[in-house]
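Morning, everyone. I have one model to go through, and I will keep to the packing inside it.

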Amino acid sequence: HGASGQDATLAVTSLAQLLLDPQSRTIEGFVRLIQREWLDAGYPFSNFHGSDRNMKERSPLFLLFIDVVWQITQQYPLSFEFNDMFLHKLFTHSHFSPYGSFLYNSALERVKTKLQERSYSLWSYLLEPAVKTKLQERSYSLWSYLLEPA
């Protein structure tokens, strides 16, 4: 990560999927995208977002990604099932969370530490019907075409 350019690759591939695949613009689809492209791919959230780390190791890439997604949602508000609150929750929970979804630096570390047995998933919480309703954009309509941001 970092100097190898892999960090930027995570953001670019995630944005490409968001623009090309309407399913990635749903709440469930975006959760799968974050899980697959960031968490399973090994983005080191603990190193880059941890509160006990040296400031030199911090990285704003996930914030940048979330901000770019927000910018695109402003250009295409009908094309996204999720609202600003959803994006805010993702960013906030990537730094400080009672859920274990963003803990550790890789899927392997999460498995080795048996995190799934010791922690609840942020995704389970966000997808609960009562919570999900608050995170949905009311005027959403599933668009099946490519988004071309200005």
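By a nonpolar core I mean a set of buried Ala, Val, Leu, Ile, Met, Phe, Trp, Tyr and Cys residues joined through side-chain atoms within 4.5 Å. Note that this is a predicted model.

The largest nonpolar core has 32 residues, and those touching the most other members are F30, I34, W38, F65 and F86. At least two residues of this core come from each of α1, α2, α4, α5 (84-95), α8 (122-126) and α9 (129-135). The biggest contribution is from α2, with seven residues.

So how do α2 and α4 sit relative to each other? The axes of helix α2, residues 27-39, and helix α4, residues 61-75, come within 14 Å and cross at roughly 150°. Angles over 145 degrees count as roughly antiparallel, so α2 is roughly antiparallel to α4. The crossing of α2 past α4 is right-handed.

On the α2 side the contact uses F30, L33, I34 and W38; on the α4 side, L61, F62, F65 and V69. By class that is eight nonpolar residues, no polar and no charged ones.

Take W38 by itself. Beyond its neighbours within four places in sequence, W38 is in contact with L61, F62 and F65, and also with L10, A11, S14, L33, Y43 and F45.

Last, S24, in the loop between α1 (6-20) and α2. Is S24 buried or exposed? The relative accessible area of S24 is 2%. The cut-off for buried is under 20%, so S24 is buried. Again leaving out neighbours within four places in sequence, S24 is in contact with Q17, L18, G29, F30, L33 and F82.

Notes
Residues are numbered from 1 along each chain as its sequence is written. This is a predicted model: local features need pLDDT of at least 70, side-chain atom pairs count only at pLDDT 80 or more; totals for chains, interfaces and linings use all residues. Side-chain values use heavy atoms; hydrogens and water are left out. Axes are lines fitted to C-alpha atoms, for helices over the stretch in contact, and angles run from 0 to 180 degrees between N-to-C directions. Helices (H or I, at least four residues) and strands (E, at least two) are DSSP runs, numbered from the N terminus. Angles under 35 degrees count as roughly parallel, over 145 as roughly antiparallel, 65 to 115 as roughly perpendicular and the rest as oblique. A crossing is left-handed if the near helix is turned anticlockwise from the far one by less than a right angle, and right-handed if clockwise. Contact means heavy atoms within 4.5 Å. Ala, Val, Leu, Ile, Met, Phe, Trp, Tyr, Cys and Pro count as nonpolar, Asp, Glu, Lys and Arg as charged, and the others, Gly among them, as polar. Buried means under 20% relative accessible area, exposed over 50%, partly exposed in between (1.4 Å probe, protein chains only).
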